[in-house]
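Here is a short note for a colleague who is opening this model for the first time. Please keep the viewer open while you read.

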Amino acid sequence: MRVLLFVLSLLVVTVISDKCEEKCAKCEVVERSECLAGMEKDPECGCCDICSRFEGQKCDQKEARYKHGHCGDGLECRSIGGDNICQCVWEEIICGSDGVTYNNLCQMMAAAVREAKRETMEVKTVGPCDPGAHIVTKPEYVRNTTNNNVVLACEAIGFPTPSINWVVTRANNKTFVMPGDDNHIVISTRGGPEKYHVTGWLQIEHLLKRHEGDYTCIAANEHKEDRAKARIKVVN
């Protein structure tokens, strides 16, 4: 019985060896520029180059049975929503030496591969290339009737994260900082939805004719200030 098992094992090894010998002789050429996160050897025979898995792609944990592939340089396989997904280890927004802002180091490394700049691309600064406050979602014009509720929204980005404030210019050209002492107006702010983003809201409850005017969102940090204006028109 032992002799039979030994013979069978030799046959299996021989078949695998022959299969790998044939496969290794026909390896497809994979260019480094095709692999945004680096390369690895195929798991079956260990002779052919294949691309490692990139950010956002499904992946295999190190000790798991091979199915999708392993994460490449600077990435790790994390369980997200029931799937294993490659995620960048360095999650900070960065400015590359090419003057482009990247969501993380892995994105910059991928750009360096695509543009054949692996030897010259480097991190210039942590944070966006332009750290000044920028409004990315402006408040919009609102027309509504009295006693209704209205909301203006304003989203900004900057490094460090900007603050958001509101001022209003009434029909008589007088300007007031919101919310002031008006108990109809509520101001709220929260971070997000992305890193270094902030979103602010101005809500008017039970709209009155006196609330008509131009409302300006002011986003500011230590580098820059940005403004965006929207009008609220009140009809009876």
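The points below take up the disulfides, one annotated region with its sheet, and one asparagine.

1. Ground rules. This is a predicted model, in which local features need pLDDT of at least 70, side-chain atom pairs count only at pLDDT 80 or more, and totals for chains, interfaces and linings use all residues. Residues are numbered from 1 along each chain as its sequence is written, and side-chain values use heavy atoms, with hydrogens and water left out.

2. Disulfide count. How many disulfides does the structure hold? There are nine. The term stands for a pair of cysteine sulfur atoms within 2.5 Å. In general, such a link is a covalent bond between the sulfur atoms of two cysteines.

3. C27 and C48. The sulfur atoms of this pair are 1.9 Å apart. The torsion about the S-S bond is about -80 degrees, so the disulfide is left-handed. C27 sits in the loop between α1 (2-24) and β1 (39-41), and C48 in the loop between β1 and β2 (49-51), so the bond ties together parts 21 residues apart in sequence. Helices (H or I, at least four residues) and strands (E, at least two) are DSSP runs, numbered from the N terminus. C27 is partly exposed, at 27% relative accessibility. C48 is buried, at 7%. Buried means under 20% relative accessible area, exposed over 50%, and partly exposed in between (1.4 Å probe, protein chains only).

4. C59 and C77. Here the S to S distance is 2.0 Å. The torsion is about 95 degrees, so this disulfide is right-handed. C59 lies in the loop between β2 and β3 (75-80), and C77 lies in strand β3 itself, so the pair links parts 18 residues apart in sequence. C59 is buried at 2% relative accessibility. C77 also counts as buried, at 16%.

5. C154 and C217. These sulfur atoms are 2.0 Å apart. With a torsion of about -80 degrees, the disulfide is left-handed. C154 belongs to strand β10 (residues 150-157) and C217 to strand β15 (residues 213-220), so the bond ties together parts 63 residues apart in sequence. C154 is buried, with a relative accessible area of 1%. C217 is buried at 0%.

6. The annotated region. In an unreviewed entry, UniProt lists residues 131-233 as "domain: Ig-like". Such annotations may be inferred rather than shown by experiment; feature names are shortened and positions follow the numbering used here. Over residues 131-233 the chain is 0% helix and 57% strand. The end C-alpha atoms of this stretch are 35 Å apart.

7. Five strands form an open, mixed sheet in the order β9-β16-β15-β11-β12. Its edge strands, β9 (142-145) and β12 (175-177), each pair on one side only. Two strands pair if DSSP finds at least two bridges between them. β15 and β16 (residues 225-235) are antiparallel over eight bridges. Which residue of β16 is the bridge partner of C217? The partner is A228.

8. N104. This residue lies in the loop between β6 (101-102) and α2 (105-114). N104 is buried, at 5% relative accessibility. Its side chain reaches the backbone nitrogen of Q107 at 2.8 Å. Leaving aside neighbours within four places in sequence, N104 is in contact (heavy atoms within 4.5 Å) with residues including E55, C88 and W90.

Conventions: Polar contact = N/O pair within 3.5 Å; in protein donor to acceptor, adjacent residues only side chain to side chain.
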